[in-house]
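Here is a short briefing on nonpolar cores, strand pairing and aromatic contacts. Keep the model open while reading.

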Amino acid sequence: MHRVGIDRVTLAGAVIGLCSFGLHFAVLRPNRLSSGDGLFVWNALPSSEAIILVLLWLCALGAGLLYRKNRPFRLAPGLIGNVVLVLVFLFTAGMATNTTDPDLPFLRISIGSGGWIMAFASYILILSSQQKLADRGFLRLFVSLSGLTAIVLLLATGHLSDISVIKEFSARQGRFLSELSQHLIIAGASVGIATIIGTGLGVWAFRSRILERPVFFFVNTVQTLPSLALFGLMIAPLALLSQRYPVLRDLGIQGIGWAPALIALSLYALLPITRNTYTSLRILDPDVIEAGRGMGMNGLQVLWRIEIPLSLPIILSGIRTALVQSIGNTTVAALIGAGGLGVFVFQGLGQAVPDLILLGAIPVIVLSVCTDKLMAILIHQITPKGIALQEEPAS
């Protein structure tokens with residue numbers, strides 16, 4: 001017999017989801033530039049669809065208040081969250097299909113603040129199930145990806161093509177793919193450079209007590225600088241170098257563009273990687289190191305055969321943090337001509353087009369979440385079983 005309790009995470013998601021009904025579920029615009037009129041769920045959707053959403057959130061509320069530690073109750077919030085997430089997009093697309101006005105040929109239907117908050121609350125439910133299904137690999141993967149997979153399939157089959165932000169994507173598909181690849185290249189390259197330098201600095205700080213404070217003073221100072229200010233600081237010296245050395249300009253290294261963005265983002269990514277490398281080496285059991293030395297290993301062999309392999313999960317956690325951080329910061333790099341998804345964000349701000357802002361912002365959010373999850377899976381897979389068992393709380 002399972003004891004009834006309260007699942008606070010599911011309950012919080014359900015409360016946020018129910019509160020979203022008090023905000024505009026969708027926005028009706030005569031054209032892409034006008035502000036438009038917000039519509040609540042009961043004005044925007046047919047009664048049957050509105051009732052379905054209400055019932056789903058009431059079920060989530062019940063699952064949070066009457067939680068039992070069995071598989072159905074662990075799985076239920078995630079299933080509800082995925083269904084609601086898909087329905088938010090599907091119902092909005094249905095509105096766009098059914099709302100036709102010959103006097104408004106450029107009519108646009110967008111997801112409103114209530115719809116986005118409802119989607120966010122759905123993610124909380126999915127996260128709640130993920131935490132409870134940690135020991136169930138397939139079920140956890142299903143809860144994590146089923147809703148997103150369904151949305152991708154709906155996009156691919158054209159069922160969501162009437163939503164305003166999808167229309168913005170259709171009009172800029174080639175440019176979007178180009179800026180997406182540029183975003184990934186800059187973010188990935190900056191973290192790659194930071195990984196090489198940061199792990200070296202972490203090992204250096206660990207080996208030399210004299211250099212420990214200067215190293216962390218430098219990486220901490222860089223982290224405190226605003227991203228836009230750091231991008232700006234790169235412009236003048238790189239512009240001067242490109243003028244004095246034309247070969248640099250021929251390579252694309254100049255005051256604006258990808259070069260200052262890459263340098264600044266690499267500097268930003270140093271702190272989590274350096275800190276985690278240093279910490280992972282500090283917490284190693286000295287007896288393990290002494291055992292390696294007792295076997296005749298020199299300092300370099302101890303580092304590569306013992307210290308780095310044992311420290312790798314923690315180092316990868318720092319790289320995980322740096323990757324998520326860089327994906328977000330690369331958005332700002334569009335202001336100095338580096339390209340990336342920030343191009344759409346700042347174009348949307350300049351033109352006062354919310355859907356164009358979302359076209360840049362939503363992929364950044366999705367990339368950050370997916371990167372975080374993939375890195376978490378990688379870290380889990382490479383963590384030695386003995387260490388993983390030690391980290392698990394006693395049941």
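A residue counts as buried when its relative accessible area is under 20%. By that cut-off, Phe216 and Tyr278 are both buried. The model is predicted.

**Aromatic pairs**
- There are 5 aromatic pairs in the structure.
- In one of them, Phe216 and Tyr278 have ring centres 5.1 Å apart and planes at 70 degrees, so this pair is edge-to-face.
- The cut-off for that label is an angle over 60 degrees.
- Phe216 sits in helix H9 (residues 209–224) and Tyr278 in helix H13 (residues 270–282).
- A single aromatic cluster is formed by Phe169, Phe176 and Phe344.

**Nonpolar cores**
- The largest nonpolar core has 45 residues.
- Within it, Phe25, Leu45, Leu53, Trp57 and Met118 touch the most other members.
- Helix H4 (residues 71–98) is the top contributor to this core, giving 11 residues.
- The core lies between domain 1 (8–163) and domain 2 (173–382), because both give residues to it.
- Another core, of 29 residues, lies apart from the largest one. Its members include Val203, Ile315, Ala322 and Met375.

**Strands**
- Strand S1 (residues 26–29) pairs with S3 in the antiparallel sense, over 4 bridges.
- In this pairing, Ala26 stands opposite Ile111 of S3.
- In a regular strand, side chains alternate between the two faces of the sheet.
- On S3 (residues 108–111), Arg108 and Ser110 point one way, while Ile109 and Ile111 point the other way.
- All four of these S3 residues are buried.

Key:
Residues are numbered from 1 along each chain as its sequence is written. This is a predicted model: local features need pLDDT of at least 70, side-chain atom pairs count only at pLDDT 80 or more; totals for chains, interfaces and linings use all residues. Side-chain values use heavy atoms; hydrogens and water are left out. A nonpolar core is a set of buried Ala, Val, Leu, Ile, Met, Phe, Trp, Tyr and Cys residues joined through side-chain atoms within 4.5 Å. Buried means under 20% relative accessible area, exposed over 50%, partly exposed in between (1.4 Å probe, protein chains only). Helices (H or I, at least four residues) and strands (E, at least two) are DSSP runs, numbered from the N terminus. Domain bounds come from an automatic or database domain assignment. Two strands pair if DSSP finds at least two bridges between them. Rings of Phe, Tyr and Trp (its six-membered ring) pair if their centres lie within 6.5 Å; planes under 30 degrees apart count as stacked, over 60 as edge-to-face and the rest as tilted.
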